[in-house]
Amino acid sequence: MTDFDLTKLLAERGAERYELHARHLNHQLPRMLRAIGFDKVYERGEGAYLYDAEGREYLDMLAGFGVMGLGRHHPVLRRALRDVLDAGLADLTRFDCPPLPGLLAEKLLGHAPGMERVFFGNSGTEAVETALKFARCATGRSRVLYCDHAFHGLTTGSLSVNGEDGFRRGFGPLLPDTAVPLGDLGALARELRRGDVAALIVEPIQGKGVHPAPPGYLAAAGELLHSAGALLIADEVQTGLGRTGEFFAYQHEADAAPDLVCVAKALSGGYVPVGATLGKEWIFKKVYSSMERVLVHSASFGSNAQAMAAGLATVAVLEDEDLVANARRTGELLRGRLAALVDDYELLHEVRGRGLMVGIEFGRPRSLALRGRWAMLQAARKGLFAQMVVVPLLQRHRILTQVSGDELEVIKLIPPLVIGEREVDRFVDAFRRLMDEAHRGGSLLWDFGRTLVRQAVANR
Ligand code: PLP
């Protein structure tokens, strides 16, 4: 028997992690992490916390870009995955109909009245690719509309409906799709008049900058689309599975009626990559229109037993622990406590979002002293003030967060849905201290700001 020993391998070579990345993977990742002092060595994770080699505890308000909806290593997930391995199933036979995909589809559809069928893939971008293909096939049209600043993944089809030039540059030509401003029904109606639109794809809350669609937009956009014979695709890859305080974020709007819904990230339980595209039966019937077309859209690893077990266990935990309600409740507490600071700190402009998807936006201060400092940062690069807060949140307060997109003065919080008052207290307390320091003109913080300016200028 091969004496492969993972524990031994990690013990022997784990310390080479940054060098291995620099040598064999995307070399810019270790470079960037070192530049901003994020080059930590996390050894372990549990719930909403990470632990470094010295056993120090970090509060994770990033949740692996939303993948860790249940936090890390939920015991129910661990048990389900052990069980599925121990069962020795005849998985991925391909010429049979195993029970787990059917059971997970049944569960997901139970949370999405109006949706009737599910396709399982392996990631968020694949869930989006599926929706784009299904919309084209079902309508017989090719053009997909998307919103300015949208993010739907980075494979070529998803990239064609990405609203940021920075992501698109260098990869063209992409599909000839068209952007409309989020919330602009007039622009949508104008595009629909051309008669070639298959669908509009939209994030109910845009991940970049944390911008919720205006109230009523999804329902009204759906009506316009349907009357023009086009479809509404809700991309719930980040917002789905309870993050915003409803199982799906489009459900905040009673009349929102998407035709296709993309799901991924948290459905993995933080363990097994998975994507799901939920849709109307008539759409699936157009795609799989004859027996010859049974494999016309499929994926080798789609519906694999580990992913399905992780998905089933994830939904069971969401239900049993009432995590959707917890996201609503704890999110309100967090946003309320942060919003109460807006009047105290002139650099803090707005706190927005829904449930546990929160954006904290900074902006130009009123007072002369702070205006000079703000202008210094802005002249070098937009987004540096948010960076100036995110870095000491990690370095000094051991809280992991992110700037919500390139050149944005917005911090995004998407913590695991299991957080409660203790974590809200810890975050708000740390954030308030940093705001105090920034507004007092504290030299430690602003010296760091000057370092960021020098780095930004050197990188031009
Ligand atoms: N759609 C949205 C709204 C996302 O936020 C993301 C990822 O951040 C994706 C799609 C792509 O998901 P993945 O990274 O699993 O391909």
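Which residues form one aromatic cluster? In this predicted model, the cluster is made up of Phe-362, Trp-374, Phe-385, Phe-427, Phe-431 and Trp-446. Two of its members, Phe-362 and Phe-385, are both buried.

A search of the whole structure returned 13 aromatic pairs. For Phe-151 and Phe-167, the ring centres are 5.2 Å apart and the planes meet at 70 degrees, so this pair is classed as edge-to-face. Phe-151 belongs to the loop between strand 5 (143–147) and helix 8 (156–160), whereas Phe-167 belongs to helix 9 (residues 165–168), so the contact ties together parts that are 16 residues apart in sequence. Phe-151 is partly exposed, with a relative accessible area of 33%, and Phe-167 is likewise partly exposed, at 36%. The rings of Phe-362 and Phe-385 are also edge-to-face, because their planes lie at 75 degrees, with the centres 4.9 Å apart. This pair links distant parts of the chain, with Phe-362 in strand 14 (residues 357–362) and Phe-385 in helix 16 (residues 384–395), 23 residues apart.

Strands 13 and 14 run antiparallel and are joined by six bridges. Within this arrangement, Arg-352 has Gly-359 of strand 14 as its bridge partner. The side chain of Arg-352 meets that of Glu-361 in a salt bridge, with an N to O distance of 2.7 Å. Arg-352 has a relative accessible area of 10% and is therefore buried, while Glu-361, at 24%, counts as partly exposed.

In total, 27 salt bridges were found in the structure. One of these joins the side chains of Arg-17 and Glu-43, at 3.8 Å from N to O. Arg-17 is located in helix 2 (residues 17–24) and Glu-43 in strand 1 (residues 42–46), so the pair ties together parts that are 26 residues apart in sequence. Arg-17 is partly exposed at 29% relative accessibility, and Glu-43 is partly exposed at 48%. A further salt bridge connects Arg-56 with Asp-52, their closest N and O atoms being 2.8 Å apart. Here Arg-56 is partly exposed, with a relative accessible area of 37%, whereas Asp-52 is buried at 6%. A network of salt bridges links Glu-57, Arg-422, Glu-423 and Arg-426.

Arginine side chains also lie over aromatic rings. Arg-44 is placed over the face of Tyr-51, at 4.3 Å from the ring centre. The charged end of Arg-398 sits over the ring of Tyr-58, 6.0 Å from its centre.

The remaining features concern the surface and helix 17. Phe-4, Leu-6, Leu-9 and Leu-10 make a nonpolar surface patch of about 440 Å², and Leu-6 of this patch is placed in helix 1 (residues 6–13). Arg-440 is found in helix 17 (residues 421–440) and is exposed, with a relative accessible area of 63%. Although Arg-440 and Leu-370 are 70 residues apart in sequence, their C-alpha atoms are 9.0 Å apart in space.

Notes. Residues numbered from 1 in each chain as written. Predicted model: local features only at pLDDT ≥ 70, side-chain atom pairs only at ≥ 80, totals over all residues. Heavy atoms only, no water. Helix = DSSP H or I, 4+ residues; strand = E, 2+ residues; numbered from the N terminus. Buried < 20%, exposed > 50% of the residue type's maximum accessible area, 1.4 Å probe, protein only. Patch = residues over 30% accessible without salt bridge, like charges linked within 9 Å, V, L, I, M, F, W, Y side chains within 5 Å. Areas by Shrake-Rupley, 256 points an atom, 1.4 Å probe, with all protein chains shown as cover. Salt bridge = Lys/Arg side-chain N within 4 Å of Asp/Glu carboxyl O. Phe/Tyr/Trp six-rings, centres within 6.5 Å; stacked < 30°, edge-to-face > 60°. Lys NZ or Arg CZ within 6 Å of the ring centre and 35° of its normal. Pairing = 2+ DSSP bridges.
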